[in-house]
Structures are given as C-alpha cells and as structure tokens.
Amino acid sequence: MSFVDLGLSQPIINAVNEKGYNEPTRIQKEAIPVILEGHDVLAGAQTGSGKTASFVLPILHMLSDKSVKGPSSGRPKIRALILVPTRELANQVRDNVEIYSKNLTLTCTEIIGGVGMKAQVNRLRSRVDILVATPGRLLDHVAQGTIDLTGIQILVLDEADRMLDMGFIANIKKIMALLPKNRQNLLFSATFSAEIKKLADGLLNNPRLIEAESNNSTAPLITHKIYPVDVEKKRDLLKHLIVMNNWQQVLVFTKTKHGADKLAYFLEKNGIPSAALHGNKSQNVRTRTLSDFKESKIQVMVATDIAARGIDIIDLPYVVNFDLPNVPEDYVHRIGRTGRAGKEGFAVSLVIKDDLRLLLDIEHKIQQKIDEEVVEGFKPTDYANFRVLNKAKKKPTQGQVKTSATKTNAVSPNHKARAEGKKPYSSKTFTKKKPV
Ligand code: AMP
C-alpha cells in the first residue's frame, strides 16, 4: 500500500515522498482513511510509530480541500488545534506540519510556554490554519483575549496519557469548553488507563478505535540489556560502557532533575561531552541542548522523563536507564526513542538490587526476560541473590505501579469496556498489542 491508496491529495503525497517515505506505517494506514471519512478516533500509538503524520496528513488534506466549505466570510480562523504535553513535542509537530504542507498554502504556528507572549500574539494576528499548543500557554492567550478558537473544526490530543500524567486535565477541559461543539476529535495515547477512557468518553463521538503500535517499517529492532551493579558504582559503569563501546548519541534517563545535572557534570568532567535536559532549564537552553545533541555536538544527553517525552531523533541508537523508571509504561516511552523506522537500537538499564521489583514489572510489561551482563570490575557484591526478590524488605515505593495495576493500565479500552459489561467502542481495526 502506498500513500496514494490512502486518499491523500497529490501535493501532500509529493511532500511525503520528498521526505523519503514511500510506504505508510501501520498507524498511518489505519488512521488516515478513517480520519478522512470524518470520524472521531481513539488511537493507541507510541512515539516512533509514525503517529504524527497519521493525523497531520489527513488534517492537511481536509483543510486544503477546496470542495469542503470553510467559514463563509470574515477573517480566516484557526481550524485545527493540536494539543501536546511538552514544548519539544510542539516544536516537532509544527516541524512535521511544515514539512508535509510545503506544497500547500496552509499556515501553522506553535504556542508554547517558556518563551515571550509578544511574538506569539503577533503571529496569531496573521492567518493561522493549524495551531500546535501546550495547554497552559494556550489558556494564557485565551485569558488575554489574543486567540480566537471559535473556528476549530478538528481537535487533536496528542500523547493524551502524558498530558494527564502532567496534570493537564483541568486545562484540557477548559479548552474543550471553548471550542465549537461540531468538530472532529482525535485522541492519541500510548497507554489506555481508566482516566484516558473517561476523557475519551467525554470527548469523542462514536469513535473508531485504532490500535497499531508498530509495523514492519518502524517495528522496533531493540536489544534490551541489563547491567547489574552496586549503586555507588553506577556512574563509573556508565562511563566505562560509553568509553569502551564508543557509544555516540546516548540518551540517559535519571529519576530526578538533580540526578540529571549531577550525572551530566560527572560525565563532562570525565571527558564525555554531556548536558542535562529537564524542566528547570530555560526553554532556550532546552532547545539548544536538544539541537546540540541532534547534531552530535554533545555525546550524552541526560534527561528526566517529562523533558524527554516525545523527542524525535532519527536513528537514536542508545537509550540508557541510569535509574529504572517507577512505572513500566515509562520504560516503554523511554525506549520508544530508539530502534525507530527499522533501525537497530539498544535499551540499556543499570540495575541495582533494590530495583528488582521495578525490573520484574518492566519484563512483565514488555513480555520478555531481559538479558543481563555483568561487567568485569562492576559485579554487585550480593550478585548470588541479585534476582531474588526479598518481598518482606521491599515494599513498592509511592507512585509505583504493582504488576496487577500495570496489567489493568495496559488493557485496551475495548477489552476493559467488555470486562465492565459495557458496549465496546465501534472498532474498524483492532489489533492485539505487540510486545515491544
Ligand atoms: P512519530 O511516531 O510521529 O514520532 O514518528 C517517528 C519517526 O518516523 C519520525 O522520525 C518520522 O519522521 C518517521 N516517519 C513517519 N512516517 C514514516 C513513514 N511512512 N516511513 C518511515 N518513517 C516515517
């Protein structure tokens, strides 16, 4: 199947082909025709699946279709609103819109926090067809009366699960209340929790469910590996692995912002060009760090989950969990940055004995026992008992999801609806989640 078969117009197909994509990914194959038919959509899609184009391309098609009646008179209004959780993701989505709309006359802008309002107000004064925004800053513009949302025909909630994790639900509801009732809604989420289901119930009108995380062209080719280590030797082990294996473009995750700063400083001091990316950095620093990393000016970027969310770096080869994430879903999000678009990727985790419960939850989530390697000189002192879970000693820490809860979080909305004896979502396509 090619992009032509999906019903997209020639200028859009040309732009996609010029970008080097000839074959749609699975989510694109499944979502694009349904969106073009005008349906609301609830899509389960990870970063890396090609999900951005799966909503951007049909939006461009619909907005540039002269046969579809636009607003009859007056100044053109914003017609599509794409809400995203982070500034970096807003940048990327806007970049995507610009690439795919290069042969069209549509305009797109982004509204994000952390930068001045004035330039945004000026951009909003000129014609904007598609707006990519983070919720808080969008509401700032609403409060100041510098934005008009009364022409919105299509609303996208991208990475909705992460928006909820970040506490944006109240803001999302406020924004929804400002939009015209008659519109198409597209909700994309990597996971389906009860909260997402509730949001979907309130937002979507007879939605089509599309769950297509991976396909042949973007199927993650990821090698997972754990390195058991004692906590005090973690930094040295990471340095050793990077230097001995000559890893370039390494994205390292830490639990805390402070941990990210400390680790980046340590690596830098040891001759490995590194920088930290987290929410306490100014937007300018974050943008610069990201572009330095993309251009390989820095070898290692140490990030927290929220800051790294949605980062799109093609061919990112190494993702390192310096600290394991508290919830297995975050492991999936983190490693979603490697092994993309058919490239090989390595997901490496440094695991201390106290993290065994987290490791088991992750292995359960990805349905795979992860290979381990003990590096000479870094063998944990109690290695004989490394894989022995001491239940009496280790209680789940706050915020940590137990295996049973993880299971509930991971089920599809249809499965859950059926389990609750409710009518499932109408489903054109329903494919079982594949292990990552
Ligand atoms: P996304 O899931 O939207 O973050 O996209 C992941 C990566 O796949 C991005 O670098 C996209 O540019 C790329 N991509 C999107 N569509 C295709 C396609 N049809 N073929 C190959 N790569 C694609």
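The report below starts with the whole protein, moves to the ligand, and then visits a few individual residues.

## The protein as a whole

What you see here is a predicted model. The protein has 436 residues, and 55% of them count as buried. Its secondary structure comes to 17 helices and 14 strands.

The accessible surface of the protein is about 19100 Å², and carbon and sulfur atoms account for 50% of that area. How do contacts join parts of the chain that are at least 6 residues apart in sequence? Of such contacts, 76% link residues that are at least 24 apart.

## Around the ligand

Now let us turn to the ligand. It is surrounded by 16 residues, and the closest are Tyr21, Gln28, Gly48, Gly50 and Thr52. By residue type, the shell divides into four nonpolar, eight polar and four charged residues. Which domains supply this shell? At least three of its residues come from domain 1 (4-211), and at least three from domain 2 (222-385).

Tyr21 has a polar side-chain atom 2.5 Å from an oxygen atom of the ligand. Gln28 places a polar side-chain atom 2.8 Å from a nitrogen atom of the ligand. With Lys51, the backbone takes part: one of its N or O atoms lies 3.2 Å from an oxygen atom of the ligand. On its own, the ligand has 500 Å² of accessible area, and the protein covers 91% of this.

Ser49 sits in the loop between β1 (41-44) and α3 (51-64). Is Ser49 buried or exposed? Its relative accessible area is 2%, so Ser49 is buried. A polar atom of the Ser49 side chain lies 3.5 Å from the backbone nitrogen of Lys51. Lys51 is also the residue with a backbone N or O atom 3.2 Å from an oxygen atom of the ligand.

## Ile12, a buried helix residue

Next, find Ile12 in helix α1 (residues 10-18). Its relative accessible area is 0%, so this residue counts as buried. Which residues touch Ile12, leaving aside its neighbours within four places in sequence? They are Leu57, Leu60, His61, Tyr100 and Leu104.

Along the chain, Ile12 and Leu57 are 45 residues apart, while their C-alpha atoms are separated by 7.1 Å.

Asp129 belongs to the loop between α5 (118-125) and β4 (130-133). With a relative accessibility of 0%, Asp129 is buried. The Asp129 side chain has a polar atom 2.8 Å from the backbone nitrogen of Thr107. That side chain also makes a polar contact, at 2.9 Å, with the side chain of Arg127.

Beyond neighbours within four places in sequence, Asp129 is in contact with Leu63, Ile78, Arg79, Ala80, Thr105, Leu106 and Thr107.

Most residues other than glycine have a negative phi. Asn246 is not a glycine, yet its phi is positive, at about 50°. Gln249 is not a glycine either, and its phi is also positive, at about 50°.

Where do these residues lie? Asn246 is in the loop between α10 (234-245) and β9 (250-253), and Gln249 is in the loop between α10 and β9 as well. Asn246 counts as exposed, because its relative accessibility is 53% and the cut-off for exposed is over 50%. Gln249 counts as buried, because its relative accessibility is 11% and buried means under 20%.

Why can helix α14 (residues 328-335) be called largely enclosed by the rest of the structure? The reason is that eight of its eight residues are buried. The buried residues in α14 are Pro328, Glu329, Asp330, Tyr331, Val332, His333, Arg334 and Ile335.

Our last stop is Arg162, in helix α7 (residues 160-165). Arg162 is buried, with a relative accessible area of 3%. The C-alpha atoms of Arg162 and Thr191 are separated by 9.1 Å, and these two residues are 29 apart along the chain.

Key: Residues are numbered from 1 along each chain as its sequence is written. This is a predicted model: local features need pLDDT of at least 70, side-chain atom pairs count only at pLDDT 80 or more; totals for chains, interfaces and linings use all residues. Side-chain values use heavy atoms; hydrogens and water are left out. A residue is near a molecule or strand if one of its heavy atoms lies within 4 Å of it. A polar contact is a pair of N or O atoms within 3.5 Å; within protein, one must be able to donate a hydrogen and the other to accept it, and residues adjacent in sequence count only if both atoms are side-chain atoms. Accessible areas come from the Shrake-Rupley method with a 1.4 Å probe; for residues, only the protein chains shown count as cover. Ala, Val, Leu, Ile, Met, Phe, Trp, Tyr, Cys and Pro count as nonpolar, Asp, Glu, Lys and Arg as charged, and the others, Gly among them, as polar. Domain bounds come from an automatic or database domain assignment. Helices (H or I, at least four residues) and strands (E, at least two) are DSSP runs, numbered from the N terminus. Buried means under 20% relative accessible area, exposed over 50%, partly exposed in between (1.4 Å probe, protein chains only). Contact means heavy atoms within 4.5 Å.
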